[in-house]
There are 2 protein chains.
Amino acid sequence: MPDKANVKSRRAPPASAERPTRAVDRIRQTARELFYREGIRAVGVEEIVSRAGVTKPSLYRSFSSKDELAAAYLRDYDAEFWRYFDEAVAAHPGKPRAQLLQFLERLARRALVANYRGCGLTNAAVEYPEADHPARRVAEANKRELRRRLVGMATEMGAAAPAVLGDGLLLLIEGAYVSGQLFGEGGPAGALPEVADRLIEASLGRKPARR
Amino acid sequence: MPDKANVKSRRAPPASAERPTRAVDRIRQTARELFYREGIRAVGVEEIVSRAGVTKPSLYRSFSSKDELAAAYLRDYDAEFWRYFDEAVAAHPGKPRAQLLQFLERLARRALVANYRGCGLTNAAVEYPEADHPARRVAEANKRELRRRLVGMATEMGAAAPAVLGDGLLLLIEGAYVSGQLFGEGGPAGALPEVADRLIEASLGRKPARR
DNA sequence: CTGTATACGTACCGATCGGTACGCCCGTCA
DNA sequence: TGACGGGCGTACCGATCGGTACGTATACAG
């Protein structure tokens with residue numbers, strides 16, 4: 001009879017936050033890292049489960065398909081994005097311009113480090129152009145909401161044409177995401193806060209709206 | 001002896017522009033369409049050759065790998081991009097602001113139609129984060145050159161801080177590419193020309209540069 | 001008619017893809 | 001102690017991936 005202690009221990013140490021003991025949690029965390037860093041299509045389920053130290057059936061017991069796992073990853077990403085966004089909002093109550101600038105400054109800082117990979121939601125939408133793909137659905141919903149919030153903040157700021165300013169800010173943000181991963185350290189994303197501030201200033205209708 | 005006319009004719013009709021007779025040309029054209037519309041990773045070589053009406057060895061006689069085919073596709077895309085860009089430049093000699101606005105207006109128009117898929121070069125860089133991937137190399141070179149040109153135009157315009165204006169314009173352009181494919185018809189890319197014009201106006205140093 | 005180069009297709013390779021049928025282990029509660 | 005159910009792994013599936021060894025048809029030169 002083989003010694004029980006020699007058998008590879010199945011139960012992991014009591015749930016450190018770094019290495020969750022539940023298979024589904026380790027899968028979520030590993031998928032998050034790999035999907036974000038390498039892209040969704042580039043990562044196979046085999047790689048996810050082996051890096052997570054689990055097996056494929058554990059994945060498919062919690063997620064009906066790889067596409068659904070990708071959607072779950074993006075839902076997590078979405079939640080974290082809004083936590084991050086609302087943090088900037090909460091830091092400057094009632095001052096939308098300062099809220100926005102804090103968000104943009106932190107975004108620009110992140111977008112300038114090497115190996116920056118942009119926004120996971122934007123990247124997923126680029127990878128999955130099919131309108132009914134579950135991952136794309138999550139990405140589109142996030143971006144629609146972001147647009148809504150930005151236009152709302154432009155309105156609060158008293159912009160002459162809040163829709164134009166809000167959309168302009170969205171263009172700058174998306175531009176920072178992709179050019180951050182295109183250019184790396186000295187990239188154009190560094191100009192984001194200054195450019196956005198200049199655009200806001202020019203949109204506040206102190207001089208009559210050009211028409 | 002079998003009738004020669006019954007044998008499936010190998011030679012295609014004499015080189016219509018729509019359906020080139022040479023296998024390599026049909027592959028290039030088909031790869032271009034599929035890679036752009038669906039993404040590079042999403043398209044297999046089998047699909048390319050079957051849609052092109054040729055076979056895999058014909059592909060691998062002209063391209064050493066799928067990655068090299070992707071790079072060739074992007075080189076074609078790059079050439080077409082500059083043709084398009086220089087067209088706007090040539091339309092308004094010596095007037096960089098008008099050149100830019102024409103380019104941006106046409107870009108905005110294209111980015112607002114349904115099923116728009118953005119910039120093939122940007123998309124490829126999102127799909128291939130590895131720095132040494134041949135496709136990404138082409139994309140990065142294109143973007144670096146675009147940045148150079150935009151900063152040059154900002155200088156010509158007499159901007160107080162041409163690097164900031166040039167980078168701001170690049171952010172807006174990249175933002176239009178990705179948000180065009182995220183939002184479809186009524187998307188924020190429609191605000192591109194107006195926002196860019198406002199940013200240019202605010203960057204021309206008529207009022208003292210904020211410091 | 002023959003040699004040769006060009007241009008292409010047939011048929012196949014091992015590897016990896018996403019996904020699943022099935023069984024074992026272990027803590028819980030009777 | 002025994003029945004049970006949740007939680008997980010072993011071993012496998014057909015399909016598709018990128019890539020290739022080898023044969024064949026045709027145009028042209030001699």
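**Questions on a predicted protein–DNA model**

Q: Which helices each supply at least two residues of the surface near DNA strand C?
A: This is a predicted model, in which local features need pLDDT of at least 70, side-chain atom pairs count only at pLDDT 80 or more, and totals for chains, interfaces and linings use all residues. Residues are numbered from 1 along each chain as its sequence is written, with chains lettered from A and ligands numbered from 1 in the order in which they are written. Near means a C-beta atom, placed from the backbone, within 6 Å of the strand, and helices are DSSP runs (H or I, at least four residues) numbered from the N terminus. The suppliers are H2 and H3 of chain A, together with H1 (23-38) and H3 (56-62) of chain B.

Q: Why do the buried residues of H2(A) line one face of the helix?
A: In H2 (residues 45-52) of chain A, Ile48(A), Val49(A) and Ala52(A) are buried (20 or more other C-beta atoms within 10 Å of a residue's own, with C-beta atoms placed from the backbone; 12 or fewer is exposed, in between partly exposed). They line one face because, seen down the axis of H2(A), by the directions from the axis to the C-beta atoms, they fall within an arc of 90°.

Q: Is Glu156(A) buried, exposed or partly exposed?
A: Glu156(A) is found in helix H7 (residues 134-156) of chain A. With 15 other C-beta atoms within 10 Å, Glu156(A) is partly exposed.
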